[in-house]
Amino acid sequence: MKVRRLFLVLLAAVTLPLGEVKALNWNEFNDGDLSGAGAFPTFLTFTEGSNLIEGTMGRLNGTGPLDADVWSFTIAAGYYLTGINLVSYSAPSSGIDSFMAIQTGTSIDMSDPSVHLSNGLWTEEFDGFGNTHTDMMNILLTPEFGSSPFETFTSPLGAGTYTFWVQEVSDQVSYRIDFEVTPVPEPGSLVFLGLAGVLALRRRRWYER
């Protein structure tokens with residue numbers, strides 16, 4: 001019985017999230033305008049689950065001042081970024097392709113795409129049920145304008161600090177982007193679970209004698 005209890009305790013320890021922090025929901029209307037400067041992005045704290053960014057960027061009527069949105073975020077050790085999904089997109093006209101780029105670190109170069117981890121064009125697509133769903137992470141797997149020769153964008157994206165940039169020049173666009181963060185088992189946790197499983201099996205066999 002003690003071995004079984006130990007196994008359940010270890011299982012609970014490795015499956016619980018690291019802290020009970022609520023996932024981020026940043027809305028420019030309520031939380032403030034996101035930075036438009038690659039050297040000084042808005043720093044956001046991503047946690048496990050859905051991290052929703054809601055904003056407006058581009059040029060009003062295609063002629064107003066350019067509004068880019070740039071933010072940095074950190075994926076903690078033991079976690080992966082498993083999805084970047086566009087969940088809503090509103091533009092005055094159809095056929096608009098917006099730009100996005102991601103770079104490692106706390107800033108992003110807005111003039112040289114060869115140093116980006118990845119970049120690409122994104123717009124509104126649908127999931128077959130009339131709902132917006134664009135897999136932006138999948139788009140980033142193949143950079144459209146060249147990328148860093150020293151790094152490769154992967155899915156899922158591992159722990160580290162990244163800076164994300166979205167921009168539109170032809171019109172003003174409202175968007176909601178969901179960044180999905182998922183925990184991954186650490187090797188040490190798997191070892192503990194393995195040991196607990198072996199002990200439980202041996203205990204069971206001893207009782208069956």
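Mentor: Strands S3 and S10 run antiparallel and are joined by 10 bridges; Gly55, for example, has Tyr175 in S10 as its bridge partner. Please keep in mind that this is a predicted model. S10 is also joined to S5, again antiparallel, by 10 bridges, and here Leu81 is partnered with Val181 of S10. S5 in turn pairs with strand S8, residues 134-135, in the antiparallel sense over 2 bridges, with Asp135 of S8 as the bridge partner of Asn85. These strands belong to an open sheet of 5 strands, ordered S1-S3-S10-S5-S8, in which the pairing is mixed. Its edges are S1 (25-27) and S8, each of which pairs on one side only.

Let us now consider the side chains. In a regular strand they alternate between the two faces of the sheet. The largest nonpolar core comprises 33 residues, and those with the most contacts inside it are Phe46, Ile53, Trp71, Phe73, Phe164, Tyr175 and Phe179. Among the elements that each supply at least two residues of this core are S3 (49-58), S5 (79-90) and S10 (172-183), as well as helix H3 (136-140). Apart from this core lies another, of 6 residues, including Phe99 and Trp165.

Beyond its neighbours within four places in sequence, Phe73 is in contact with several residues, among them Leu44, Phe46, Leu81, Ile102, Phe164 and Phe179.

Note on methods. Residues are numbered from 1 along each chain as its sequence is written. This is a predicted model: local features need pLDDT of at least 70, side-chain atom pairs count only at pLDDT 80 or more; totals for chains, interfaces and linings use all residues. Side-chain values use heavy atoms; hydrogens and water are left out. A nonpolar core is a set of buried Ala, Val, Leu, Ile, Met, Phe, Trp, Tyr and Cys residues joined through side-chain atoms within 4.5 Å. Buried means under 20% relative accessible area, exposed over 50%, partly exposed in between (1.4 Å probe, protein chains only). Helices (H or I, at least four residues) and strands (E, at least two) are DSSP runs, numbered from the N terminus. Contact means heavy atoms within 4.5 Å. Two strands pair if DSSP finds at least two bridges between them.
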